[in-house]
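Please open the model in a viewer and keep the sequence at hand.

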Amino acid sequence: AVYKDGEGAVFYALPAIVPPKGEHPRVMVRSSELDQVKANLEHPQNKSVYEQVLKYSQQDTLQSVPKGKNLDYMNKLESKAFMYLMTGDKAIGREAVESALQYYKNIYLGSTVSLQLSRDAGELMTVAAFVYDWCYDQMTDQERQDYVKEFIRIAETMECHYPPKRTEPIAGHSSEWMILRDMLSCGIAIYDEYPDMYNHVIQML
């Protein structure tokens with residue numbers, strides 16, 4: 001079947017495999033894999049990284065929200081989302097959701113599309129996709145709508161644009177992170193609320 005998005009843009013036939021409706025997490029990890037991930041945290045090989053994640057997750061992110069790209073702040077957001085996934089601590093999950101949304105609403109990456117801007121935008125999208133997916137049950141419907149709006153806004157600043165150009169689906173430069181990591185991660189995370197981003201990406205593969 002041919003798929004059309006909300007604005008009438010035509011897609012190629014969609015594959016049978018789509019993100020499992022109503023199931024979260026589904027970005028990087030599935031619910032059935034969580035016990036194994038938790039067990040792996042105790043492995044000596046992961047000890048130093050896990051300690052760093054714990055350290056980041058315990059730092060405040062609501063009092064001082066940066067306005068530009070800040071890798072240290074993004075590490076804190078990702079760590080908080082991950083620790084919610086591991087522990088179910090609702091306070092840390094809510095802090096991740098609120099902080100990330102405030103960050104993405106206020107961030108300004110520049111007005112000229114460039115290679116570096118695309119990389120920055122992509123990293124922002126991927127971290128936000130983790131927060132959205134891993135902390136899904138801590139979000140309100142309005143927050144989910146706001147996240148989707150910001151995903152689209154940031155994606156539109158990327159070199160491949162949004163909807164993405166279909167001229168470089170696999171081997172081209174645009175497919176590196178922008179399409180195969182950043183938009184795909186977001187598309188999987190928000191599929192139930194906004195399937196178009198996933199469909200724009202998956203019909204190129």
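**A tour of selected salt bridges**

Begin by selecting lysine 47 and glutamate 51, which form a salt bridge whose closest N and O atoms are 2.5 Å apart. A salt bridge here is a side-chain nitrogen of Lys or Arg within 4 Å of a carboxyl oxygen of Asp or Glu. Both residues belong to helix H2 (residues 47-57), 4 residues apart, about one turn of the helix. Helices (H or I, at least four residues) are DSSP runs, numbered from the N terminus. Glutamate 51 is partly exposed, at 41% relative accessibility; buried means under 20% relative accessible area, exposed over 50%, and partly exposed in between (1.4 Å probe, protein chains only).

The model is predicted: local features need pLDDT of at least 70, side-chain atom pairs count only at pLDDT 80 or more, and totals for chains, interfaces and linings use all residues. Residues are numbered from 1 along each chain as its sequence is written, and side-chain values use heavy atoms, leaving out hydrogens and water.

Next, select glutamate 95 and lysine 80, a salt bridge with its closest N and O atoms 3.4 Å apart. Glutamate 95 lies in helix H4 (residues 90-106) and lysine 80 in helix H3 (residues 71-87), so the pair ties together parts 15 residues apart in sequence. Glutamate 95 is buried, at 16% relative accessible area, and lysine 80 is buried at 1%.

Finally, select aspartate 120 in helix H5 (residues 115-134). Aspartate 120 is buried, with a relative accessible area of 14%.

Definitions and conventions. Helices (H or I, at least four residues) and strands (E, at least two) are DSSP runs, numbered from the N terminus.
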